[in-house]
Amino acid sequence: MEKVFISQNEEQTAMIASQLSELTQVGDVWALHGTLGMGKSVFARAFIQNLTDAEEVPSPTFTLVQMYSAPSFEIYHYDLYRLEKPSEIFELGVEETFYNGVCLVEWPEKMENLAPRNMWNVTFEQVENGRKITVLASDENKVQRLQKWLNTK
Ligand SMILES: Nc1ncnc2c1ncn2[C@@H]1O[C@H](COP(=O)(O)OP(=O)(O)O)[C@@H](O)[C@H]1O
Ligand SMILES: [Mg+2]
């Protein structure tokens, strides 16, 4: 199941992200696809800030991952732009975060075949009047949560 949003500006992307954060649960991996400047970090920041008291959410470009604490789980913000090979993700010792926490992953393509299965795939594309954000729910559990969430909007 796919849900498409058109976002005219940064604030609208942040609003979509913070609302979507309400449906997340432990074990969710949010793969944020899109080229540079499409709003992946804007999305991640608002998502994290809605669930935590984090004031700053800097891009973890050099550290690759940054952790935040929400009341009932940890959130891991990945920026894999500088990942040189997929196995580095395991050298970081972070695989369990995909199961024990909620993960937001910028540049998920860098994980190649080591990417977790059943991620939320969110795609950011440039359109004339802003950004097109497509959220893909790829298993029954996600479809149900997305449907329920949409019914409350
Ligand atoms: N609709 C929009 N949604 C998100 N960001 C937008 C939008 N329109 C313009 N922008 C701008 O695009 C940039 C997105 O930056 P960022 O989130 O860091 O991109 P990415 O992480 O995808 O490289 C910001 O400067 C933001 O102000
Ligand atoms: Mg970014």
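**Reading the strands, the helix and the core**

Modeller: Begin with a hairpin: β6 and β7 are joined by one, through two residues. Keep in mind throughout that this is a predicted model.

Biologist: How many bridges join β6 to β7, and do the strands run parallel or antiparallel?

Modeller: Seven bridges join β6 to β7, and the two run antiparallel.

Biologist: Which strand is joined to β6 by four bridges?

Modeller: That is β2, and the pair β2 and β6 runs parallel. Here Trp-30 stands opposite Trp-120 of β6.

Biologist: What joins strand β3 to β4?

Modeller: Five bridges do, with β3, residues 65–69, running antiparallel to β4. β3 and β4 also form a hairpin, with four residues between them.

Biologist: What should I expect of side chains along a strand?

Modeller: In a regular strand, side chains alternate between the two faces of the sheet.

Biologist: Now the core. Which residues of the largest nonpolar core touch the most other members?

Modeller: The core has 35 residues, and those touching the most other members are Trp-30, Leu-32, Cys-103, Leu-104 and Val-105. At least two core residues come from each of α1 (10–20), β2 (29–33), α2 (40–51), β4 (74–79), β5 (102–106) and β6 (120–127). The element giving the most to this core is α2, with seven residues.

Biologist: What does Leu-32 touch, leaving out residues up to four places away in sequence?

Modeller: Leu-32 touches Lys-40, Phe-43 and Ala-44, then Leu-104, Val-105, Glu-106 and Pro-108, and also Val-122 and Phe-124.

Biologist: How do I read a helix such as α2, and what span does it reach?

Modeller: The general idea is that an α-helix has 3.6 residues a turn, so residues three or four places apart point the same way. As for α2, its 12 residues reach 17 Å from the first C-alpha to the last, close to the 16 Å expected at 1.5 Å a residue.

Biologist: Is α2 mostly covered or mostly uncovered?

Modeller: Mostly covered, with 10 of the 12 residues in α2 buried. Among the buried ones are Val-42, Phe-43, Ala-44, Phe-47, Ile-48 and Leu-51, and Arg-45 is one of them too. The cover over the buried residues of α2 includes α1, β2, β3, β4, β5 and β6.

Biologist: Which residues come nearest to ligand 1?

Modeller: Lys-40 is one of them; the others are Thr-13, Gly-39, Ser-41 and Val-42, out of 17 residues around ligand 1. The elements giving two or more residues to that shell are α1, α2 and β7 (130–136). By class, the shell around ligand 1 holds three nonpolar, 10 polar and four charged residues.

Biologist: How far is Lys-40 from Trp-107?

Modeller: Their C-alpha atoms are separated by 9.1 Å, although Lys-40 and Trp-107 are 67 residues apart along the chain. Trp-107 sits in the loop between β5 and β6. Trp-107 is buried because 21 other C-beta atoms lie within 10 Å.

Biologist: What about the backbone of Trp-107: is its phi positive or negative?

Modeller: Positive, near 60 degrees, in a residue other than glycine. Glu-112 also has a positive phi, near 45 degrees, and has its place in the loop between β5 and β6. Glu-112 is exposed because 12 other C-beta atoms lie within 10 Å.

Biologist: Where is Lys-110 placed, and what is Lys-110 in contact with, leaving aside neighbours within four places in sequence?

Modeller: Lys-110 is in the loop between β5 and β6. Its contacts are Leu-80, Leu-83 and Pro-86. With 21 other C-beta atoms within 10 Å, Lys-110 is buried.

Note on methods
Residues are numbered from 1 along each chain as its sequence is written. Chains are lettered from A and ligands numbered from 1 in the order in which they are written. This is a predicted model: local features need pLDDT of at least 70, side-chain atom pairs count only at pLDDT 80 or more; totals for chains, interfaces and linings use all residues. A nonpolar core is a set of buried Ala, Val, Leu, Ile, Met, Phe, Trp, Tyr and Cys residues joined through C-beta atoms within 7 Å. A residue is buried if 20 or more other C-beta atoms lie within 10 Å of its own, exposed if 12 or fewer, and partly exposed in between; C-beta atoms are placed from the backbone. Two residues are in contact if their C-beta atoms, placed from the backbone, lie within 7 Å. Two strands pair if DSSP finds at least two bridges between them. A residue is near a molecule or strand if its C-beta atom, placed from the backbone, lies within 6 Å of it. Ala, Val, Leu, Ile, Met, Phe, Trp, Tyr, Cys and Pro count as nonpolar, Asp, Glu, Lys and Arg as charged, and the others, Gly among them, as polar. The expected span of a helix is 1.5 Å times one less than its number of residues.
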